[in-house]
Amino acid sequence: MSDYIKITETPSDHNHLEKMDTQEILLKINLEDQKVALAVKEVIPQIGLLVDGLEERFYKGGRLFYIGAGTSGRLGILDASEIPPTFGLPHERVIGIIAGGDTAIRKAVEFAEDNREQAWEDLLKHKISELDVLVGIAASGTTPYVLGGLEEAKKHGILTAGITNNPGSPLAELADIPIAINVGPEFLTGSTRMKSGTSQKLALNMITTALMIRIGRVKGNKMVNMQLSNTKLVDRGTRYLMEGLNLNYKEAEKLLLEYGSVKKAMEALKK
């Protein structure tokens, strides 16, 4: 491991937070948040490499795995959980795993992130293989759970990426594709659920949205494979069909419910 500055632990650029009034606190948090998107922009080339690697493997039946602890783990699970309703893929294609198991989604599990062997055991339950891609998420870049998982994955020929907020960290050096987003010190020193977490969410949005577009789950700018799991989504799909096929609302809704997705309905009508 090379020497590096742990940016996520450096002191905030703002002091005496307890002396600020509410508006000053909020304005200065927002000032810091404005830096996040620009920091993500700097790592777009690395995110692109990951998306291209995922696309190649997804066409062969591969999957995307996220591993992380705390906020990072929860963000991976959040991103994975939104793929089926948004893009109509099975839950098994994008999988989020958090140190400490499902309990840790809501409540912190003490020392779970310190177990270097557990991530690989968790991944083996899903029969991870070299067709898959493993993305470790850790703001610090030092989380043992994440590092251990990536180390074992690399031994088994699995493509790995690491999303961290500390360039030069162990995770950045270990991953095949390091995505090191330097957002600078947090407003509240060391509180990586803030800018670091926001940057991770932005990166995850980019990864899976770009991947889903690349593998044909989007038409034009529409979510044509979304699950029709509530009234709002049925209405959205109906309006997509109205626009795409020049139908009235009742015709479009009937067609949508008959075929179960915007894409299938459009394909059926165009045959």
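**Figure 1. Overview of the chain.** The predicted model has a chain of 271 residues, of which buried residues make up 46%. Its secondary structure comes to 13 helices and five strands. Taken along the principal axes, the C-alpha atoms fill a box of roughly 60 × 50 × 35 Å. Of the contacts in the chain with a separation of 6 or more, 68% are between residues 24 or more positions apart.

Figure 2. The strands form an open sheet with parallel pairing, in the order β2-β1-β3-β4-β5. β2 (94-98) and β5 (177-180) each have a single partner strand and stand at the edges, so one side of each is left without a neighbour in the sheet. On average, neighbouring strands are turned by 15° against each other, direction ignored. Helix α3 (residues 44-58) packs on this sheet and touches β1 (64-68), β2, β3 (133-137), β4 and β5. The direction of α3 makes about 140° with that of β5. Helix α10 (residues 195-214) also packs on the sheet, where it touches β1, β3 and β4. The direction of α10 makes about 170° with that of β1.

Strands of a sheet pair through backbone hydrogen bonds, either parallel or antiparallel. Strand β4 (residues 159-164) is joined to β5 by four bridges, and the two run parallel. Here Ala-161 stands opposite Ile-177 in β5. Although β2 is an edge strand, four of its five residues are buried.

**Figure 3. The largest pocket.** This pocket holds about 330 Å³ of space. Its lining consists of 19 residues, and those nearest the centre are Gly-96, Ile-97, Ile-98, Asp-102 and His-126. Two or more lining residues come from each of α4 (70-81), β2 and α7 (118-124). The largest share, five residues, is given by β2.

Figure 4. Val-109 lies in the loop between α6 (103-106) and α7. Is Val-109 buried, partly exposed or exposed? Val-109 has a relative accessibility of 32%, between the limits of 20% and 50%, and therefore counts as partly exposed. Apart from its neighbours within four places in sequence, Val-109 is in contact with Gly-100, Thr-103 and Ala-104.

**Figure 5. Leu-147 in helix α8.** Leu-147 is part of helix α8 (residues 144-155). With a relative accessible area of 5%, which is under 20%, Leu-147 is therefore buried. Neighbours within four places in sequence aside, Leu-147 is in contact with Arg-116, Gly-141, Thr-142, Pro-170, Leu-171 and Leu-174. The C-alpha atoms of Leu-147 and Ala-172 are 10.0 Å apart, and the two residues are separated by 25 residues in sequence.

**Figure 6. Two loop residues with positive phi.** Most residues other than glycine have a negative phi. Lys-127 is not a glycine, yet has a positive phi of about 55°. Lys-127 is placed in the loop between α7 and β3. At 70% relative accessibility, which is over 50%, Lys-127 therefore counts as exposed. Asn-246, also a residue other than glycine, has a positive phi near 60°. Asn-246 is found in the loop between α11 (231-245) and α12 (249-259), and is exposed with a relative accessible area of 71%.

How values were computed:
Residues numbered from 1 in each chain as written. Predicted model: local features only at pLDDT ≥ 70, side-chain atom pairs only at ≥ 80, totals over all residues. Heavy atoms only, no water. Pairing = 2+ DSSP bridges. Axes fitted to C-alpha atoms, helices over the stretch in contact; angles between N-to-C directions. Contact = heavy atoms within 4.5 Å. Buried < 20%, exposed > 50% of the residue type's maximum accessible area, 1.4 Å probe, protein only. 1 Å grid on protein atoms, 1.4 Å probe; cavity = no way out; pocket = protein on both sides within 12 Å on 5 of 7 lines; lining within 4 Å. Points joined across faces, edges and corners; volume = space filled by probe spheres on them.
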